[in-house]
Structures are given as C-alpha cells and as structure tokens.
Amino acid sequence: MRINDDLTKPVIVHAARLDWIQSPAAGVDRRMIYRVGGEVARATSIVRYAPGSAFPRHVHAGGEEILVLEGTFQDEHGDYPAGSYFRNPPGTSHVPAAAVGCTIFVRLWQFRKGDDVQIVRRPGEGEAAALREGAKEARVLFDDGEEQVSTEVWRAGSAMKVENHRGLEFLVLSGDLTVGGEKLEPQSWGRLPAGKPLEAMTGPNGAQIWIKDGPLQHADVLPMPG
C-alpha cells in the first residue's frame, strides 16, 4: 500500500474528512495519512480507540511516535491525557488501551539508527522556545540535532512563516489557518520538502500546531522487514 509516498511534493491531508478503516484489533480504527507497506508499514495515521478497546502487546521494531489528541491513552506504564507526547524507540513494547476512548496521532517506522531515547512529555511539559512573530507560546518536545518536534500556539489573525531548511511536517491541533488559499482545521496534516516554508494565516480563533522540523525521511531510517 502506498499513500502520499512521494516525499518530493508538498501535500496537505484533511484527515478529519477521511473514512475510518478498521485495524486488526476490535474497536481500534485508523485514518491513513502516509503509508508505505502493508500491516507492517512506514506510516503516519490518526488512530481512534473506542472506550474499553486495547491493542495486543507489540514490539516497536521501527520505533513509534505518538501525540494524544483527545481522551486518555493508556498502557501498562500509565495514563496519557490529551496533549501527551512520547517516543517509543526500537525495541520497546507495550499494550496500548483506552478505558474511556481516545484519538492519537501516530508515526511508525520513521526512526533512524541510533535514535533510542525513550521520551514522555505530559501536557505542558517541554522546554519553552523562542517565539516567532505571531506566536504566543512555543514548546520543544524533542530535539536531538537531527530533528526538532514542537508545539506552537499562534495568535488570531496572524500571518505566520516557518522557515524550512530540512523538511517540515505539521498537524493542526486546534483552531484553523489558511495555507495557499486552503483552510486547515483540526487533524489537517501537511508535509513540505526542504526549501518550501510554511506560510499561513490564522483564523479568528488562532491555532495550535504540532511541527516536526527535520528530513522527511532520514538517510539512515531503519529498514523495514523484507
């Protein structure tokens, strides 16, 4: 399966408008944003857990990156309310579940060799970052020199520009903004190749956005099975 797999082209996906696709686990559905592969895939998805659902224990052979969007995500290590961010590097495992239901943003098989630090950021955690013009809050969730992951809150009616020297991926978390004449709302996701900045105008409620600044695929990304 190949979905939005041409990394040389800008792409915007309004994930909230996509159909839910059932996963192998009962009560767990997905909206597929980017995918290369079958059930084991290099993938970016929105995943919804129905109340009381769980996914069997699995090992993250290629790494897993998660941002909780709604509800409370759980595993045997704890509960993660909306706004939680964590990185499960290759070799880690868990049993994900959601007693009350949740929606999460997930990236799989996109870790590179040597990216092996497990990180959990609770809502509001992370290092405060310098504010770009038009932003009222910025927080770095992860930065190892190869990529930086952050969230920013942008003021209403602001013209925003995010420079792009390595590649950008972003997800609208709340509010709305316009990019290239196209309105983006919560769960709208975009990917821009290096050299093409993100230029946006926020709506009357402003916006909160998740941003990954780094190569769209690391040169030493972990190889998938087969």
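## Arg 132 and Glu 152

Arg 132 pairs with Glu 152 in a salt bridge, with 2.8 Å between the closest N and O atoms; the term denotes a side-chain nitrogen of Lys or Arg within 4 Å of a carboxyl oxygen of Asp or Glu. Because Arg 132 sits in the loop between strand 15 (127-128) and strand 16 (135-143), and Glu 152 in strand 17 (residues 148-154), the pair ties together parts 20 residues apart in sequence. Strands are DSSP runs (E, at least two residues), and helices are runs of H or I (at least four), numbered from the N terminus.

Arg 132 is partly exposed, at 27% relative accessible area, whereas Glu 152 is buried, at 6%. Buried means under 20% relative accessible area, exposed over 50%, and partly exposed in between (1.4 Å probe, protein chains only).

## Basis of the model

The model is predicted: local features need pLDDT of at least 70, side-chain atom pairs count only at pLDDT 80 or more, and totals for chains, interfaces and linings use all residues. Residues are numbered from 1 along each chain as its sequence is written, and side-chain values use heavy atoms, with hydrogens and water left out.

## Other salt bridges

The side chains of Arg 166 and Asp 213 form a salt bridge at 3.0 Å, N to O. This pair links Arg 166, in the loop between strand 18 (159-162) and strand 19 (168-179), to Asp 213 in strand 22 (residues 198-213), 47 residues apart.

Arg 30 and Glu 39 also form a salt bridge, at 2.9 Å between the closest N and O atoms. Arg 30 is buried at 11% relative accessible area, while Glu 39 is partly exposed at 47%.
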